[in-house]
Structure formats: structure tokens, C-alpha cells
Amino acid sequence: MNQRVTLNTPAIEARPFKVYTQRQLDKIPQLEQLPEALRFDMQVVSQVLPFRVNDYVIEELIDWNRVPNDPIFQLTFPQRGMLKPEHFDEVAELMQQDAPADQLKAAVERIRAELNPHPAGQMDLNLPLLNGEPLPGMQHKYQETVLFFPSQGQVCHSYCTFCFRWAQFVGDKDLRFSSNEAESLHAYLAEHTEVTDLLLTGGDPMVMKAKHLRLYLEGLMKPELAHVQNIRIGSKSLTFWPYRFVTDEDANDILQLFRELVAAGKHVAFMAHFNHWQEMDTPVCREAVRRIRATGAEIRTQAPLLQHINDDAKQWVKMWKMQVQQGMIPYYMFVERDTGARHYFEVPLVRAWDIYREAMQQVPGLCRTARGPSMSADPGKVEIQGVAEINGEKVFVLRFIQGRNPDWVQQPFFAKYDEQATWLNHLEPALGADQFFYEAGFAAMKAEKQALIFKA
Ligand SMILES: *Cc1c(COP(=O)(O)O)cnc(C)c1O
Ligand code: SF4
């Protein structure tokens with residue numbers, strides 16, 4: 001093994017990366033103890049929503065005594081409620097009747113298409129152009145930040161049941177945002193000196209080999225890309241495969257790359273996706289966190305608030321405290337997005353705000369860096385700041401944390417209080433307004449971008 005990095009590592013043994021997908025669902029030994037009906041439900045749902053889980057998750061993260069209510073089981077295994085009843089019944093019947101494969105496939109494809117696999121204008125509005133040509137593996141929604149989806153990073157070590165990126169995993173080539181063009185990424189960034197942040201995302205970019213990751217990131221150290229100061233890597237590998245940074249063959253090469261970027265003056269922020277404290281409570285995860293931080297990279301954390309997984313203030317308190325104690329920085333609490341099995345996970349905005357507030361009240365200041373609850377919606381990231389009464393009208397107070405137009409950011413605005421609302425499009429302007437302040441500007445922006453794409 002590569003010995004460039006000397007660390008006083010507690011004895012963590014390598015383990016083989018053993019993964020189960022839909023076809024091997026019935027080969028997972030721990031499932032044998034579960035009722036037959038529950039296992040059939042999982043078979044049905046996994047036809048539609050992609051499933052992939054590994055041995056580490058099964059053996060170290062899930063408390064099988066608490067299944068099906070265990071949060072990590074809910075996070076990784078398909079549940080009946082994730083499909084609408086009519087969808088579930090349709091697939092279940094086809095399976096029970098042993099319907100021909102192409103008939104099942106057609107039904108599954110139709111159901112998937114109904115699940116809004118690409119929310120928030122991702123397909124067109126955010127597409128950057130280079131020399132008038134669209135660049136498919138990228139999104140440029142906010143002035144200072146470019147999102148890049150490396151083509152080798154379009155899978156995950158395991159899949160989350162709430163994943164809104166599942167369209168990328170199911171072999172639907174047209175929908176796949178991918179690009180193996182590190183060069184076009186660098187060329188685009190060189191032309192856009194307003195971009196200070198590159199956010200590498202996926203899937204999970206940390207499924208890539210170190211040499212691929214290097215291909216994308218090394219070039220950022222060139223003088224013509226000096227304006228790209230901050231490199232973020234969004235990843236759930238600390239949950240699903242912390243061995244990536246500890247015992248994997250190229251673990252030290254990854255850490256070495258981070259170290260080089262830091263030495264070159266870049267801020268490397270590892271954006272760790274954690275939904276539940278149970279994901280971070282293993283020796284190998286602690287060791288991975290320690291190693292990443294030892295390179296000079298920061299770890300910031302973010303997660304959606306999800307029914308069945310983490311809709312409980314106590315959980316967030318414990319999770320944020322554990323993160324801060326390990327040197328991680330809480331960054332975002334998100335609202336579950338309008339895609340996939342949303343109806344199963346969604347929590348009313350007012351409840352999300354209650355959970356956020358209740359959690360914030362119980363944590364030290366170092367944990368209070370987490371913003372939210374925030375909706376990553378079409379016009380931008382909108383935070384629910386609270387509920388207030390203005391001239392006798394009960395309202396939500398909202399603000400843009402991020403906006404397609406920087407002018408929108410930090411302006412408080414108001415929506416009618418609504419106990420059921422779970423997303424921005426359910427909200428109506430309050431205090432006699434007939435639209436939200438950003439709507440006219442946003443409509444103009446959309447028209448302009450569509451015209452540009454049409455020309456390209
Ligand atoms: C969240 C997000 C970013 C990053 O936003 P920050 O506020 O800088 O963390 C960038 N692009 C898109 C599309 C996002 O959703
Ligand atoms: S870690 Fe992210 S990309 Fe991977 S399955 Fe979960 S939500 Fe999807």
C-alpha cells in the first residue's frame with residue numbers, strides 16, 4: 001500500500017465491497033427474518049425505484065431489531081409507501097401474474113416518468129453554453145457557483161431511497177447529465193471569471209478512482225483558473241463507504257490530491273450528506289473524517305428533512321452535536337424536493353420549521369451554522385424563516401439564501417400561512433400581493449434562456 005501518508009490509525013481492517021442490487025434483493029441474509037409480505041413489497045418497489053446497498057450499510061449501520069422502522073433501513077431499502085397505491089398495485093399485479101418482461105418494463109417506465117425525475121429546471125434552465133453549445137455535464141444556476149457532474153461519478157456506493165438523482169442510475173441515457181470532458185469544464189470556467197466555486201456532484205463523485213478525480217481537479221490549479229477558489233465535493237461516501245478514505249487501494253491518493261489543492265491555496269470543502277447520526281457512529285467513519293480533515297479540507301454537512309428518517313428535533317440535535325464534535329460544520333437542512341417518492345418523505349413546511357427551531361434551541365452556537373429549512377426550487381434556495389402575524393394576517397416569512405438573480409437574496413418576503421404546504425409552489429403571496437416579488441423577473445429570465453437554448 002502507498003505509504004505517503006503517516007497517520008496513527010486505529011486498527012481498521014479493509015473489508016470487501018459487497019453490493020446487492022435489485023436482482024440480489026432476496027439474497028440478503030438479514031431479510032430472511034422479515035415477513036414474506038414485506039419482502040414482496042420491497043420486490044415491487046425496487047422495480048421502479050433503483051436499489052443498491054452494500055454490506056457495510058447492512059451490517060454496521062442498520063439496527064435490524066428496529067426494522068422496518070430503523071432510519072437507515074428506511075434510507076436504503078424500498079418501502080411500500082414509496083409508490084402511490086395505484087402504481088404499487090399495477091406493478092404488484094404484473095409480478096403476481098408473471099407478466100411478460102416487456103409489459104412490466106413499459107409500466108415501470110411510465111411510472112418513473114410520472115415521478116418528475118428532473119425537478120427545478122435542471123434540464124434546460126441551468127445548462128451552460130460554451131461557444132454557443134450546451135454543456136451537458138454541468139449546471140450554472142447561481143452566478144458564482146458551477147455544478148459539475150463527472151461522468152464516472154454517476155452512481156453511488158449505495159442508493160438513498162429519497163434520491164432525486166435516480167434517473168441517472170437507471171440507464172436512461174438521454175436524461176443522464178454526464179460529461180467526461182474535464183477540458184470543457186476547464187474551458188468554461190476559464191471564460192467565466194465570476195465563478196469562484198466549483199461544486200462536484202453526482203451521483204457520488206467519490207465513487208471515482210483517485211486518478212479520475214485528479215483529472216477534473218488538478219487543472220484547477222492552473223493560473224488561468226485562479227478565480228476558482230473553492231472546490232466543493234458533494235458526497236455520501238462517509239455514510240456508505242468510509243473505507244474510501246481509509247483502506248481503499250487509492251485512499252491515500254485521494255487524500256494527497258486534497259492536500260495538493262489546499263497547498264495551492266484552494267479551499268476544499270467536502271460536503272458530507274448525513275441524514276441521521278447513526279450514519280456517523282462507526283470507528284471507520286470517524287477515522288475517515290479525521291483523515292479528510294488532516295489534509296486541510298473542511299467538512300460541511302447537509303441533508304433533507306425526511307419523514308420516516310429524521311423528522312425529529314432530537315435526532316438533529318444529536319447529529320449536529322456529533323458533527324461539530326468531530327470537527328464538521330453543519331451547513332444546510334433541506335426540504336424534501338418535489339420528485340421521486342416525495343409523498344412518502346415530505347413534511348409540511350411549518351413542521352420542518354418547528355423541527356429546525358426546536359433543534360436550534362438545544363445546540364451550542366457552533367452547530368447553529370446550519371441554515372434552513374431550505375427549498376432548492378426553480379428560482380433559488382428559499383428558506384422558511386418563520387411564522388409571523390402582520391396586521392392580523394398569519395404569514396410565512398421567507399428569504400432567498402441563493403437566487404438566480406443575486407438581487408433577490410436576503411429580501412424578506414411573505415406567503416399566506418398554510419399548514420399543508422410542502423413546497424414553494426403550494427404557497428401564495430400574502431398581504432394583498434398578487435405575485436411574489438421575484439416572479440416577473442424570473443419569467444423574463446426563463447424566456448431569455450429558452451431563446452438562447454433554442455438558437456443553440
Ligand atoms: C445549492 C446549490 C448550489 C450551492 O449553493 P450555495 O448557497 O453556494 O451553497 C449551487 N447550485 C445549485 C443548483 C444548488 O442547488
Ligand atoms: S447519496 Fe445522493 S446521489 Fe447517492 S443515492 Fe443518496 S441522494 Fe442519491
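Tutor: A polar contact is a pair of N or O atoms within 3.5 Å. This is a predicted model, with local features needing pLDDT of at least 70, side-chain atom pairs pLDDT 80 or more, and totals using all residues. Side-chain values leave out hydrogens and water, residues are numbered from 1 along each chain, and chains are lettered from A and ligands numbered from 1 as written.

Student: Which residues are around ligand 1?
Tutor: A residue counts here if one of its heavy atoms lies within 4 Å of the ligand. The shell divides into 4 nonpolar, 2 polar and 3 charged residues. Its members are Lys141, Tyr142, Thr145, Leu147, Arg232, Tyr331, Tyr332, Lys381 and Gln402.

Student: How many Å is an oxygen atom of ligand 1 from an N or O atom in the side chain of Gln402?
Tutor: Let's start with two other side chains. Arg232 has a polar side-chain atom 2.7 Å from an oxygen atom of ligand 1, and Tyr331 has one at 2.8 Å from an oxygen atom of the ligand. For Gln402, the distance is 3.3 Å.

Student: What percentage of the accessible area of ligand 1 does the protein cover, and which elements give two or more residues to its shell?
Tutor: On its own, ligand 1 has 390 Å² of accessible area (Shrake-Rupley, 1.4 Å probe), and the protein covers 86% of that. Elements are DSSP runs: helices of at least four residues (H or I) and strands of at least two (E). Those that give two or more residues to the shell are β5 (138-142), β6 (145-148) and β11.

Student: Where is Pro373 found?
Tutor: Most peptide bonds are trans. The bond from Gly372 to Pro373 is cis, with omega near -10 degrees. Pro373 is found in strand β12.

Student: Is Asn391 buried or exposed?
Tutor: Asn391 lies in the loop between β13 and β14, and its phi is near 45 degrees, a positive value in a residue other than glycine. Buried means under 20% relative accessible area, exposed over 50%, and partly exposed in between. Because its relative accessible area is 82%, Asn391 is exposed.

Student: What is the distance in space between Leu115 and Phe164, C-alpha to C-alpha?
Tutor: Leu115 is found in the loop between α5 and β3 (129-130), and it counts as buried because its relative accessibility is 8%. Beyond its neighbours within four places in sequence, Leu115 is in contact (heavy atoms within 4.5 Å) with Val48, Leu49, Trp166, Thr339 and Gly340. Leu115 and Phe164 are 49 residues apart in sequence, while their distance in space is 9.5 Å.

Student: How far apart are the end C-alpha atoms of helix α13?
Tutor: The buried residues of α13, among them Leu349, Trp353 and Tyr356, pack against elements including α11 (313-325), β12 (371-376) and β14 (393-403). The expected span is 1.5 Å times one less than the number of residues. Helix α13 has 12 residues, so it should span 16 Å, and the separation of its end C-alpha atoms agrees, at 16 Å.

Technical notes
Buried < 20%, exposed > 50% of the residue type's maximum accessible area, 1.4 Å probe, protein only. Polar contact = N/O pair within 3.5 Å; in protein donor to acceptor, adjacent residues only side chain to side chain. Nonpolar A, V, L, I, M, F, W, Y, C, P; charged D, E, K, R; others polar.
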